[in-house]
Amino acid sequence: MSTRMTVRTTLVAATAVALSAALAGPALAAPAGNGDHGPTRQAVQAVVKDGVPGVTLTAKDGRNVWSTTAGVGDLKTGKPRSADDRYRVGSITKTFVATVVLQLEAEGRLSLDDSVDKWLPGLVRGNGHDGRKVTLRQLLNHTSGIYNYTADETFGRTYFLKDGFFEHRYDTQEPEELVAIAMAHKPDFAPGTSWNYSNTNYVLAGLVIEKATGRPYGEEIRRRIIKPLGLDGTSVPGTRVTVPQPSSRAYSKLAETATGPTYDVTKLNPSLAFSAGEMISDSADLNRFYSALLRGRLLPPKQLKQMKTTVTDETVPNTGYGLGLMDHKLSCGVHVWGHGGGIHGSVSEAVTTADGRHSLAFNLNGDWSGDTQAVIEAEFCGK
């Protein structure tokens, strides 16, 4: 569910340490692009050579749409990946959640300066945590200091390593239980004094949406984003353990190393991620979503400006984190905006230029290797 992966095995890595560091950038003019997408195709093939079972990718530049796939979607049958594959997008969910919170602010139904405690009284308490001192803005830009529940060792063993995963893959987690895991630890820092990626922030943001609207956060995402944009491949699964067709299998090592056996982890109960990373989408939908967002179709100018106001993400070079939106400066000077996501067996990236014209989204169906940054560089810098 998070920023770049050293150990690509888990949601933990894929989320906290890692959720796709690569993603997101500020605001230069759209790059010239590369007409034949040769470098992008080569970068995708290199990911498969690196050990990932398969990749699906779609780029959109103006009216031109281009897709490529490499490798397989099913190691048993050898079935190739499809450009239409749906996949678990992990922390890309966070941009959808932040967009709904900002829409609610634009409607006057909440303020980013509200305390968490105003909306969720008493939930953020314990071991130095105090929801009265944390604002909604600090949740969205990861400056809250609230401990990241996926970094909890017991949670990691239970859901990210082999023995625990196969015993607990179908468990339902209530969001309040995920927050309670975080409350058993001390905060990372005092609110507003530093930055650290925490999935707990977005579990709380999802609960705030529910409190402010009286409806499930997923229903608000469907009503406000999925339906208006016609994102037919996008869903908020809740406790549904399957990925809708067309889709490929998802694979993980379920270990702290990138060696050893490969396991099929396609089926799992995504409530362990809730509003921090449970969503499913496809590459065309993600391109449409991020393009619409950056073009101002989902938020008024004031809220979009707030979303694009970043703090430094020291874990990823040349990257700033806004409100559920990352700004990443590439080697050729181009800025791309977006987010990445990792969850069991699935690593995804979705980025677009500041004008929303040139977008890229892709997915790896293995979570232990593959240079996602190189794919983004290839598409936008031609190398």
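**View 1. Strands S11 and S12 form a hairpin with five residues between them, where Gly333 takes a positive phi near 95°.** Helices (H or I, at least four residues) and strands (E, at least two) are DSSP runs, numbered from the N terminus. S11 and S12 are antiparallel and share four bridges; strands pair if DSSP finds at least two bridges between them. Look for Asp327, whose bridge partner in S12 is Trp337. This is a predicted model: local features need pLDDT of at least 70, side-chain atom pairs count only at pLDDT 80 or more, and totals for chains, interfaces and linings use all residues. Residues are numbered from 1 along each chain as its sequence is written, and side-chain values use heavy atoms, leaving out hydrogens and water.

**View 2. The side chains of His335 and Asp327 meet in a polar contact of 2.9 Å.** Such a contact is a pair of N or O atoms within 3.5 Å; within protein, one must be able to donate a hydrogen and the other to accept it, and residues adjacent in sequence count only if both atoms are side-chain atoms. His335 belongs to strand S12 (residues 335–343). Is His335 buried or exposed? With a relative accessible area of 14%, His335 is buried (under 20%; exposed is over 50%, partly exposed in between, with a 1.4 Å probe and protein chains only).

**View 3. Strands S10 (residues 319–321) and S11 (residues 326–329) run antiparallel, joined by three bridges.** Here Tyr321 stands opposite Met326 in S11. Four residues lie between the strands of this hairpin, and Gly324 takes a positive phi near 70°.

**View 4. Helix H11 is largely enclosed by the rest of the structure, because 10 of its 12 residues are buried.** Among them are Leu286, Phe289 and Tyr290.
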